[in-house]
Amino acid sequence: MNAPHPRAGFSLIEVLVALIVVAVGLLGLAALQSKAQRAELESYQRAQALILLQDMAGRINTNRSAARCYAVSSNADGNYDGDMLGSANTTVYTCGGAFGTTDTSNLADADLAHWDALLRGTSETLGSESVGAMIGARGCIVYSPVTDEFTVSVVWQGLTDTLAPTDPCGAGLYGEETKRRVVSTTFRIGDLN
């Protein structure tokens, strides 16, 4: 009679340990993928906001004679008064001052209406919903007569917490201030005469 051969192969415990290790690795990979998708959306929203910001700054700079018509978010002392374009805006802004000619004032009104539509995301739709902008996008344009400067800001809701921005545009509209995102630029209109 021959002696029994030792059995070769894996035991049930070894297989279970290997399955647990693989499962933990896959869960970690899924969490990493989720964070990467959130970061990608945040990056995309910031890029969109920067495009909209530069768009309005360019429009104001192009229509210099009626530049003051664009200041929809400031009062007489040049401080932010809470008016915004974009989500939840029902106001149609028209140039009330005697800035530029009728044509340049009408151009400013058209520019503001177009920018408002871009902030609402109407450039891209999914069914009947506008999805072409950031989450809750709003825009502020402030003119300060003291410094003769325009400040254009684009604000939206982020997905993760960061530092609360100091720019007052959109403050208090997104729940926690740490979810509010703002990009802004301040500039002067050059006198070409």
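Leaving aside its neighbours within four places in sequence, which residues is Thr-104 in contact with? Before the answer, a word on the model: it is a predicted one, in which local features need pLDDT of at least 70 and side-chain atom pairs count only at pLDDT 80 or more, while totals for chains, interfaces and linings use all residues. Residues are numbered from 1 along each chain as its sequence is written, and side-chain values use heavy atoms, with hydrogens and water left out.

Thr-104 lies in helix α2, which covers residues 102–120; helices (H or I, at least four residues) and strands (E, at least two) are DSSP runs, numbered from the N terminus. Apart from those sequence neighbours, the residues in contact with Thr-104 are Asn-63, Ser-65, Ala-66 and Phe-99, where contact means heavy atoms within 4.5 Å. Thr-104 counts as buried because its relative accessibility is 17%, and buried means under 20% relative accessible area, with exposed over 50% and partly exposed in between (1.4 Å probe, protein chains only).

Strand β6 (residues 180–187) is largely enclosed by the rest of the structure, because six of its eight residues are buried. Strand β5 (residues 149–157) runs antiparallel to β6, and eight bridges join the two; two strands pair if DSSP finds at least two bridges between them.

Cys-69 and Cys-95 are both buried.

The other disulfide joins Cys-140 to Cys-169, with an S to S distance of 2.0 Å, and the link of Cys-140 and Cys-169 is right-handed, with 80° about the S-S bond. Here too distant parts of the chain are linked, 29 residues apart, with Cys-140 in strand β4 (residues 138–144) and Cys-169 in the loop between β5 and β6. Cys-140 and Cys-169 are likewise both buried. When the bonded cysteines of the protein are numbered in sequence order, the pairing reads 1-2, 3-4.

How values were computed
A disulfide is a pair of cysteine sulfur atoms within 2.5 Å.
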